[in-house]
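Please keep the sequence and the 3D view at hand as you read.

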Amino acid sequence: MFPPQFEYVQPDSIDQAIAALASDDTRVLAGGHSLLPAMKARNASPESLVDIGDISALHRIDRDGPENETVIGAAVTDADILADGSLKRNAPMVHEAIAAVGDRQIRSRGTVVGNLLQADAGADIPAAMVAADAMLTIRNGEGERTVPVDELYEDPDNDHHPAAITNGDDLATEVRIPDVTGGAYLRKTHPATGYALVGIAVRLVTDGGTIAKARVVATGIERTPRRLPGVEERLIDKAPSSLPDQTVRIADPEPAAVRADPNVSGPYRHQLLESYTGQAIAVASDRVAPGVVRMSSESREAAPTDDSVEEASDPTRVAGMPLKRREDEGFLRGETTFTDDLKRPNCAHLTFVRSEHAHAAIEDIDPKDAVGRDGVLAVYTWNDLAASSSPCVLPISTGGLEHDVPGHPVLAQNRVRYHGQPIAAVVAEDPYLARDGAEAVEVTYKVREPVIDAVEALGPDAPALYEDTPDNVIATAAVGDERATTRAFEHAEVVVDISLRNNRLIPSALEPRVAMAVYDASRDRFTVELASQSVHGHRSKLAKTLGVPERSVHVVAPAVGGGFGHKGHHHPGEAMAAWSARELDRPIKWTATRSENYREGAHGRDHHTDAELALDSDGTMRGLRVKTIANAGAYGLGGSAGMATRYGGLLSSEYAIPAIHCSTRAVFTTTAPIHSYRGAGRPEAIYVTERVIDVAARKLGIDPISLRRANLIPPDAFPYETAVGVTYDSGDYAPALDRALEAIDYEERRELGGERSDGRLRGVGVACYTESTGGGHETGVVRVHPDGSVAVYAGTHSHGQGHGTTYAQLVADELEIPYEDIDVNEGDSEEVPTGTGTFGSRSTIGGGNAVVQSAQTVLKKARTLAANRLGVDPNDVRYGSGEFFAPSVPDQRLSFSEVAGMAYGWGGSGTHRAGLGGHDVLRTGGDGVHFRDPRNRGGDRSHNR
Amino acid sequence: MSTHEITLTVDGSERTATVEPRTLLVHVLREHLDNTAPKVGCESGKCGACTVQLDGEPVKSCLVLGVQADGTSILTAAGLADGDLHPIQEAFREEHGLQCGYCTPGLVMSTLDLLEKHQELSREEIRAELKGNICRCTGYQNVVEAVETAAKTLDTERSD
């Protein structure tokens, strides 16, 4: 997200600014907090900007005039006026509206007048200014005029605001705000956008104890602020004390006329309008007649006190101690290196031209305007990739599917199947120039019909994404015993069903995906540094995409700024960076923008599920039948195509359900590919089971907790094989449920449930969860240096989990040496032979056990060395508190570091066997590879098509 | 397009850079001046990972042009403490107010401004005042704990 090029002028005076504005296509730059984002999004590209920030006359905050008013200059920021306090004393309604703007940082730069002029939908300041009858002063080359603020918004359909700025050289210089004591501004904030879903400014003027004048102005409900004359009229002649805090019925506008947007429907926004108008009137009334009415604020429930049971910990063990993380200091100082922080000499920058359509044939790609631009080094399309030695199709691992799933081409092969799919790659000297180049590439599309919804994609008339997959079905799979489940339903006393939509999610690590690729021609070898959850996974996949052996790809992941699944997958960016690095023989960096991260995926979930539960009338569960249609997006990505088909393995959760059958169809749609996101299949399954149990509880009239409790797998049933073929080794669920209920004061909350006086509903719900994790092998290496200090390596990679601390704790306990003597290294494909990575809550189980096992191997080998020195049998050597000793040689003890030195041939007096190369003894990489039992990954299943 | 030579004081050192008008302050710092403490999370003013202080005020450096910052003084998380961690940084560490660490330099800088201007804050106020900084890992609970702890430390230091 970079602004386009423009000229920049910074005048010293208002006159100079007006003169500069007279040029064509010039915009005023004040705070720039609306203009710069608009320019980055290419919603505005003025040729020049006139920065008014240096004009001292525009920084004035003045109360010296003859009128009782506050004058605020056009360069005054929200933070300036809030700190000044003039409005807090003289126009609290306006002060409150300014305090509601954005956030601290935005208020540092955003200007009051700029906000008034920009008037985004849901902006706060315009509504309060209209209610206050504020006046705006505008100057141009011909003179000065003053307009009431409400005239700025006379044409609500005009998206080019403000309507009153008519001349090219008009400069709004200041706003004059009359003193308004009897007013208030309240808003309901959208938690993500920060804008008001609804904001209400109410101003009341009393005369002789009754209201003589009222202004009620709403923001958010229409494109621009809107007065509510019906409400205003009803307030006239009323005593403020007669205006309680209650919902105010508003007939104009009607709910249907209120603006709907993707965040909120019109009727809901109207309901907010009525509620907030009542509250704002109450506060304003209180200010004109203090003490009569109080704004009813919902008494907040006291936060539950944290009296969770402290687990007794073993004071002699480092694991479990609440240590400060050793990783944190670098992060806190901003010194830890993330991939985007890397610099390489002669580095060029890569960006993509992405599809503007969800589904289209590409008729032509014309790069000529890009190729000729300054700084642009190359523009690549699929034809360039196809002519190279590399396949350039991201590999698929289908996990047992019996057919070929089309892989994702790094650049589109004459067809795009989702909005945002990479079509061309542009490499330039810097990222700004790369973006300029990408914008100059012209793509001609022939648009085809898109299909976004997986159920619709199964319809007879749905467009097919691939000619050889006319039904759009990638894979079907079934888990469980269909006949047993059918029987359970045939004999069921009660059957309930539910249709669920588990919506699509976008993984949003704060660090976008990023890669830096270097190619060494002398060794035909790539080094790719990238934000990765799995360096070995990326090594394998990059090697396939590039068509080179894995030994030719070295993958390094520096610090990773969050993963949530999507940094475990292979995407076009890192492949294109590596390919271009070889092509241009230069380091290539690629950094996704936030919106590229959103558009390209991989996204998570997106299931449509129909579930039925068969029960006895006493609530005993007999069978669960589930049919799921899973959206796979436009391409298979890694193991994504098979993932959805395996999710049924957790449907039994912690319940003894004798028969379960789950059938799944994974379906292509013209959307970004779907892959694992936070939990990857487990939350999807738990959601189904828990929701259908709630439906059953309602139908049977059984308390939902009691129904769950009655069906828990009893503690004496373990090991327990579920009806979907997964064996649980142990469990005792009832006490866990009891503790959860106690922790949330379930009984008390349940009694508070129901409808409240203000019409809002309150309820309490509980969901149980069984986790399946720890799959796949993992590598842990413990290397002891000659001085006894220890380096631990693992195939996992922390992206916030703190393995550097955790693994050191585990190894400290095994080796009984100081925690400080242990260093942990991850994220380099050459430090350990292989690894699986960090995802699905697996690292401490897999990597943790692997490093512990390696530490045990180290100890075993060290014991042999100590035995040689002590002249005893290895079985007689004891180890404790960092020392080796033998009862038969009471006066001799060997420290851990002495033995480490001996392993390298140091300090030896011929007692160690010459054949023991020290390094080999203690370097236990192979010994530390920890293989996990994969039998439970998905249960007994079959795949067919 | 024209270029401009700008001079900034960054973490106490005077620095110059030649930039286009469109070059964002965050890129001036990261690319031209090698100060990668401010991070780029969204480039659209939403996430706050690029927060720095500009003449004592917290700003999202992806929404400020380098040319607008000419002549100003910038403080980043890298310049907050020379030796020991700043009490705010120490409090984040103590309370485990960070996980992946990507949002952390920005959060620390917003907290600095918050605690410079306010001495007593409720937990709700802390959450509201830090809403310009997004953290995807912590769920904010420990961030709030860290700010409360830092406020207490700074209060004690002030009264000492």
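Which residues have the most contacts inside the largest nonpolar core? They are A:Met93, A:Ala128, A:Met129, A:Val426 and A:Ala517, in a core of 263 residues. A nonpolar core here is a set of buried Ala, Val, Leu, Ile, Met, Phe, Trp, Tyr and Cys residues joined through C-beta atoms within 7 Å. A residue is buried if 20 or more other C-beta atoms lie within 10 Å of its own, exposed if 12 or fewer, and partly exposed in between, with C-beta atoms placed from the backbone.

Before going further, please note that this is a predicted model, in which local features need pLDDT of at least 70 and side-chain atom pairs count only at pLDDT 80 or more, while totals for chains, interfaces and linings use all residues. Residues are numbered from 1 along each chain as its sequence is written, and chains are lettered from A and ligands numbered from 1 in the order in which they are written.

Helices (H or I, at least four residues) and strands (E, at least two) are DSSP runs, numbered from the N terminus. Leaving aside neighbours within four places in sequence, A:Met129 is in contact (C-beta atoms, placed from the backbone, within 7 Å) with A:Val94, A:Leu116, A:Ala134, A:Val149, A:Val175 and A:Ile177. A second, separate core has 38 residues, including A:Leu810, A:Ala850, A:Leu894 and A:Phe896.

**Where the chains meet**

In this pairing, 51 residues of chain A are in contact with 52 residues of chain B. On the side of chain A that touches chain B, helix 6 (104–109) gives the most, with 5 residues. Strand 1 (7–9), helix 2 (35–40) and helix 11 (328–332) of chain A each supply at least two.

Most residues other than glycine have a negative phi, and most peptide bonds are trans. The table lists places that depart from this pattern.

| Site | Backbone value | Loop of chain A |
|---|---|---|
| A:Asp252 to A:Pro253 | cis, omega near 5 degrees | A:Pro253: between helix 9 (229–235) and helix 10 |
| A:Phe718 to A:Pro719 | cis, omega about -5 degrees | A:Pro719: between helix 22 (704–711) and strand 31 (720–721) |
| A:Asp25 | phi about 55 degrees | between helix 1 (14–21) and strand 2 (26–29) |

A:Asp25 counts as exposed, because it has 10 C-beta neighbours inside 10 Å. A:Glu816 has 16 other C-beta atoms within 10 Å, so this residue is partly exposed.

Note on methods. Contact = placed C-beta atoms within 7 Å.
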